Every structure is written in structure tokens, then in C-alpha cells.
Amino acid sequence: MSSLRDILKLSSVYTILGFLPTASRIFLLPVFLTFLSPEDFALIGLNTLIASLLPLVMTLGLENAFVRFYYDYCRKPELLKVYLSTILIFVMFSSLSIGLLIIPFGELLFDALFKTKEFTFFPFGITALLSAFFSCIYIIIFSLYRNKQDIRNYTWFAGGMFAATTIAESAAIIVFKAGPVGVIWTKLVVTGIITLYFLFKVLRRNGLYFDIRFLKPSYRYALPLVPYVLFGLIFTSFDRIMIENHFDLTALAVYNLAMAIAHITDAFMQAIQSATYPMVYSMLKEDTQKNSPQVNQVYRFIGLIVLLIITLLIAGTPIGGLNFLNPKYIPAIELLPLVLISYAFRYLYV
């Protein structure tokens with residue numbers, strides 16, 4: 001088994017690459033804050049919120065099971081091919097089916113959840129459903145390349161998604177003066193094209209198979225994790241729905257900015273988890289008792305990184321914010337330390 005230093009060295013590469021898709025939103029923050037009104041920024045944030053919640057309903061955690069069970073089948077290539085194809089086909093089918101079931105009730109759900117009349121199911125809910133569908137596929141392909149340690153395809157996938165969405169959304173806002181709906185559709189089309197391209201690439205190489213017997217053990221593992229993921233999403237999401245219901249879009253935009261900056265911590269934490277979990281699963285699969293000390297060291301290292309990021313954000317945001325922010329967004333600086341403290345507890349929870 002590799003030393004902790006080797007593990008962290010390899011993990012750092014995948015952490016940086018895994019952070020790139022999320023980093024697109026961070027790089028775009030100055031564009032959003034400069035060229036869009038706070039109300040438009042808030043509407044895009046609500047759409048992103050819905051799109052991030054839906055994959056949990058659509059897959060019921062099957063993507064988490066794939067990361068775990070990959071190591072049961074990776075030494076048997078033919079079994080792995082069937083398992084991968086089965087998971088991809090079932091996730092696409094379940095995502096599409098659940099999406100179609102939601103559509104007839106979309107307007108009622110939006111009327112019940114949101115006060116803002118501009119935030120309607122058509123087009124915001126439909127685009128969120130489509131984004132979630134592509135996200136369900138994206139997560140599995142992303143996990144496949146990471147588990148295989150296929151650094152070439154992993155780089156093209158993560159780097160391509162980051163570059164394409166950042167450039168496309170920037171052009172939509174700055175060049176074509178697109179509003180929130182145009183920006184959302186731009187991102188959706190670009191992510192959809194890239195995701196489908198890599199999906200066809202994976203299936204062409206892997207082949208199409210389906211064996212329902214693989215689903216039972218996967219869901220036996222995945223379903224108990226659903227409450228954990230659900231509470232995590234509530235932690236990061238439900239507060240925005242409450243703010244939208246009790247205040248206005250400008251207040252939501254201020255809160256969204258504080259959360260977007262704080263989310264850098266969460267994005268790094270998720271990227272580190274994505275980079276280290278496969279190694280953790282592999283070490284525990286090999287010899288749980290022998291490798292437990294290394295696993296504990298990995299988690300302690302993640303905690304130190306989270307603490308460092310929180311410190312840098314608290315120290316650096318007021319400097320950048322006071323010099324460059326629209327005055328309407330200044331209250332976000334006061335909110336940020338409180339939000340970041342909660343992320344320290346979130347690390348302990350994870």
C-alpha cells in the first residue's frame with residue numbers, strides 16, 4: 001500500500017481537477033455581480049438550487065453505490081462492464097421517468113414553494129429537470145474515470161466542462177446581454193453536449209448490458225445513505241427557500257453571494273472526498289485493520305485543509321468585497337464568517 005504522502009500527492013491532482021466544474025461558478029461570480037442585477041443573480045441561484053436537489057430524488061443514491069461497488073468488480077473486467085452499463089442505463093431510465101412524473105405537478109410545486117412570481121416552472125423548473133438529468137449521468141462518468149485513475153479522460157472531462165461552461169456563460173452575459181433564462185439555457189446546452197459525448201464514448205467502449213441483479217446490492221448500500229445526503233442538501237439549500245419566501249430577491253442575492261463564497265469550502269471538501277474516497281475504499285477492502293491509521297490520517301488532513309480555506313476566506317473576502325462589490329452586496333461580508341463557521345461543523349458531520 002502506498003504511503004500517506006503518495007496518497008495525498010495523487011489525491012491532490014484529482015482534487016484540483018474535481019474542483020474545476022464547481023470552480024466555473026466561482027470564476028463567473030465577478031461577471032454575474034457586474035453585468036446582472038441582484039434579482040437576476042437570485043433567479044439563477046434558485047434554478048441552481050433546484051437542479052442540485054433533484055438528482056437525489058432521481059437516483060436515490062445509486063451513484064454513491066457505484067463508487068463503492070466498483071472495487072468489488074474491478075478485478076473482473078467482464079462483470080465490471082455489465083455493472084457499469086446497468087447502472088448507467090438504470091440511472092438514465094429512472095431520472096427520465098421521475099422527471100416526467102414531476103412535470104404535471106411542476107406549477108403546483110413552484111406555487112407552494114416560492115413566493116417570487118418571476119420564478120415559474122416554465123422555464124426555470126424544466127431547465128432544472130434537464131440539468132439534473134445530465135448531472136446524474138455526469139456523476140457516474142466522473143466517478144468511473146476517477147476510480148480507474150484514468151487521468152487523461154478525467155482531465156478532458158473536468159477541464160472541458162470548466163472551460164466550456166465558463167466561456168459560454170461569460171459570452172452569453174457580456175456579449176449577447178442574456179438575462180437569467182438565457183444564461184441558464186446556455187449552461188444547460190453546453191453541459192448536455194459534453195456529458196452526452198462522454199456517455200457515448202464510455203458506452204461505445206464498454207458495450208451495452210443490463211442485469212437487474214446488480215441493482216439489489218447497490219440499493220441496499222445506497223438507500224441508507226439517502227438521509228445523510230438529504231440532510232446535507234437541506235443544510236446547504238433550504239435556508240434559501242425560506243429567505244425567498246420571507247424577504248425579496250435582493251436579500252436572496254446577498255445571501256446567495258455569501259453562500260457562494262462559503263461554498264468554496266464545501267466544493268474543496270467534496271473534491272477532496274471524491275479524490276480520496278476511492279483510495280479509502282481500496283485500503284479498507286484490502287485490509288481494514290492494517291490500513292485504518294492511514295485512513296484516519298487522510299481525514300485529519302482534510303480537516304486541516306478545510307480550516308485553512310475557512311481562514312483564508314474570512315481574511316480575504318472583506319478586502320476584495322469592499323473594493324469591487326456593488327454596495328447592495330456589502331451585507332454578504334457580514335454574513336460570511338457565520339456561514340463559514342457552520343462549514344467547520346459540516347466537516348465534522350461528514
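User: Start with the rings. Which residues do ring pairs link into a cluster?
Analyst: Phe66, Phe69, Tyr70, Tyr71, Tyr73, Tyr83, Phe214 and Tyr221. Rings of Phe, Tyr and Trp (its six-membered ring) pair if their centres lie within 6.5 Å.

User: Before we go on, what are the ground rules?
Analyst: This is a predicted model, so local features need pLDDT of at least 70 and side-chain atom pairs need pLDDT 80 or more, while totals for chains, interfaces and linings use all residues. Numbering runs from 1 along each chain as its sequence is written, and side-chain values use heavy atoms, without hydrogens or water.

User: How many aromatic pairs does the structure hold?
Analyst: It holds 27. One of them is Phe142 with Phe157, at 6.3 Å centre to centre and 50 degrees between the planes. That pair is tilted; planes under 30 degrees apart count as stacked, over 60 as edge-to-face and the rest as tilted.

User: What does the Phe142 and Phe157 pair tie together?
Analyst: Phe142 sits in helix H6 (residues 121-148) and Phe157 in helix H7 (residues 151-174), so the pair joins parts 15 residues apart in sequence. Helices here are DSSP runs of H or I, at least four residues, numbered from the N terminus; strands are runs of E, at least two.

User: Are Phe142 and Phe157 buried or exposed?
Analyst: Both are buried. Buried means under 20% relative accessible area, exposed over 50%, and partly exposed in between (1.4 Å probe, protein chains only).

User: And how many helices and strands overall?
Analyst: The protein chain has 12 helices and 0 strands.

User: New topic: Asn256. Where is it found?
Analyst: Asn256 is in helix H11 (residues 249-324). Its relative accessibility is 5%, so Asn256 counts as buried.

User: What is Asn256 in contact with, leaving aside neighbours within four places in sequence?
Analyst: Phe41, Ala42, Gly45 and Arg240. Contact means heavy atoms within 4.5 Å.

User: What about burial and overall size?
Analyst: Of the 350 residues, 51% count as buried. The C-alpha trace spans about 55 × 45 × 35 Å along its principal axes.

User: Why does the radius of gyration agree with a compact globule?
Analyst: A compact globule of 350 residues would have a value near 20 Å, and the protein chain has 20 Å, so they agree. The radius is taken over C-alpha atoms, and the globule rule is 2.2 Å times the number of residues to the power 0.38.
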